[in-house]
Amino acid sequence: MSGRTALNDLRKIVHVDMDAFYASVEVRDRPELRGLPVAVGWSGPRGVVLTASYEARAFGVHSAQATRIALERCPQLVLLPPRMEAYREVSQAVREIFLSYTERVEPLSLDEAYLDVTEPRRGPRSATLIAAAIRREIRDATGLTASAGVSCNKFLAKTASGLNKPNGLTVIAPEQAEAFVAALEVRHVHGIGPVTARRLRTMGVRTGADLRQLSLEELVRHFGRQGEHYYRIARGIDPRPVEPDRPRKSLGAETTFEHDLDDLGALEVQLELLAKAVARRLQRAGLLGRVVVLKLKYADFQVRTRRLTLPRPTADPEELRALGIRLLRQEPLARPLRLLGITVQDLRAPAAWQELAAQQLPLFAESWGALG
């Protein structure tokens with residue numbers, strides 16, 4: 001890699017991704033399912049697959065797919081409801097392994113994380129050997145397999161971890177980065193989704209080498225600020241650090257209905273359940289939020305949002321329910337709803353809110369007294 005990316009050369013980044021995580025936990029706990037096509041998700045007309053075993057993927061079953069379609073493609077599919085507490089327990093055990101090697105761990109979800117092992121707490125200095133050791137320890141501790149990617153930045157490590165799944169380890173050395181990205185199809189580039197990939201194809205861009213031919217100005221003109229990111233990754237550059245204390249920007253919950261709903265009474269019942277779920281998550285995370293967003297998805301998949309900014313933050317379920325109902329009744333529904341959701345944004349710990357309040361006008365600060 002060229003000298004312009006010397007910063008990347010100093011970093012050793014590992015991306016670890018558990019293999020078919022939810023489904024693998026289910027198979028581990030129910031050995032009679034081993035070798036069968038298994039998916040975790042919800043049944044019913046609006047059900048969605050959360051994840052699928054590799055046996056199920058061979059039939060074309062995949063995450064975010066409608067359960068109805070999954071069962072059409074694989075009639076013998078074993079569909080199991082999610083057990084989130086079981087998955088969180090395994091995730092915590094895996095994270096403890098990560099933290100034994102480095103404090104610089106950035107979780108992306110329950111089943112994947114970035115690790116900066118430039119200065120490891122223990123083990124060898126080689127990031128490749130550390131990744132191999134972590135995978136062995138995960139297998140010993142949980143009975144599950146994980147794939148890992150190793151490189152000099154987050155983009156390359158994330159891309160590498162997906163190349164040899166399941167149970168794979170892929171290394172992209174700094175001097176290999178530009179050639180690797182040049183040969184990569186843009187549809188396989190992390191951060192470029194199907195819609196963007198199709199748009200790039202209409203511009204004659206199919207590989208990383210093609211992407212590199214576009215100037216920064218062209219990419220920004222077509223894709224806004226995201227174009228800057230595409231310009232960098234086409235050259236194997238990603239200066240983003242691993243952020244172990246990355247703050248949560250929002251917490252929410254949503255539900256897809258069995259049948260489209262436009263009855264306000266029925267929708268308010270759903271809002272109460274959603275508000276309680278969001279409040280539990282906020283309280284578990286020790287956070288309060290000041291912006292409440294109501295998400296409305298109609299039968300034609302159009303999405304609308306309504307939001308309120310509060311004078312003081314909250315994590316109270318009754319307050320969230322009342323605010324959700326207020327937003328719902330703000331204006332008549334255009335048509336029946338397929339999905340309803342509540343999200344709380346602008347999140348901080350109570351102490352951080354207290355500190356912020358102290359910097360505001362005295363009259364404004366009085367409304368925060370209940371936080372003490």
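Which residue does the side chain of lysine 165 meet in a salt bridge?

**Entry 1. The starting pair.** I worked from a predicted model. I looked up lysine 165 and found that its side chain forms a salt bridge with the side chain of aspartate 17, at 3.9 Å from N to O. I then noted where the two residues lie.

**Entry 2. Accessibility of the pair.** I checked both partners. Lysine 165 has a relative accessibility of 27% and counts as partly exposed. Aspartate 17 is buried, because its relative accessible area of 14% falls under the 20% limit.

**Entry 3. Aspartate 238 and arginine 240.** I recorded a salt bridge between these two residues, with the closest N and O atoms 2.7 Å apart. Is aspartate 238 buried or exposed? I found that aspartate 238 is buried, at 1% relative accessibility. Arginine 240 is partly exposed, with a relative accessible area of 35%.

**Entry 4. Glutamate 185 and arginine 187.** I found a salt bridge here as well, its closest N and O atoms lying 2.7 Å apart. Glutamate 185 is partly exposed, at 35% relative accessibility.

**Entry 5. A network and the total.** Which residues are linked with Glu26 in a network of salt bridges? I noted that Arg28, Asp29 and Arg83 join Glu26 in this network. For the structure, I recorded a total of 22 salt bridges.

Conventions: Residues numbered from 1 in each chain as written. Predicted model: local features only at pLDDT ≥ 70, side-chain atom pairs only at ≥ 80, totals over all residues. Heavy atoms only, no water. Salt bridge = Lys/Arg side-chain N within 4 Å of Asp/Glu carboxyl O. Buried < 20%, exposed > 50% of the residue type's maximum accessible area, 1.4 Å probe, protein only.
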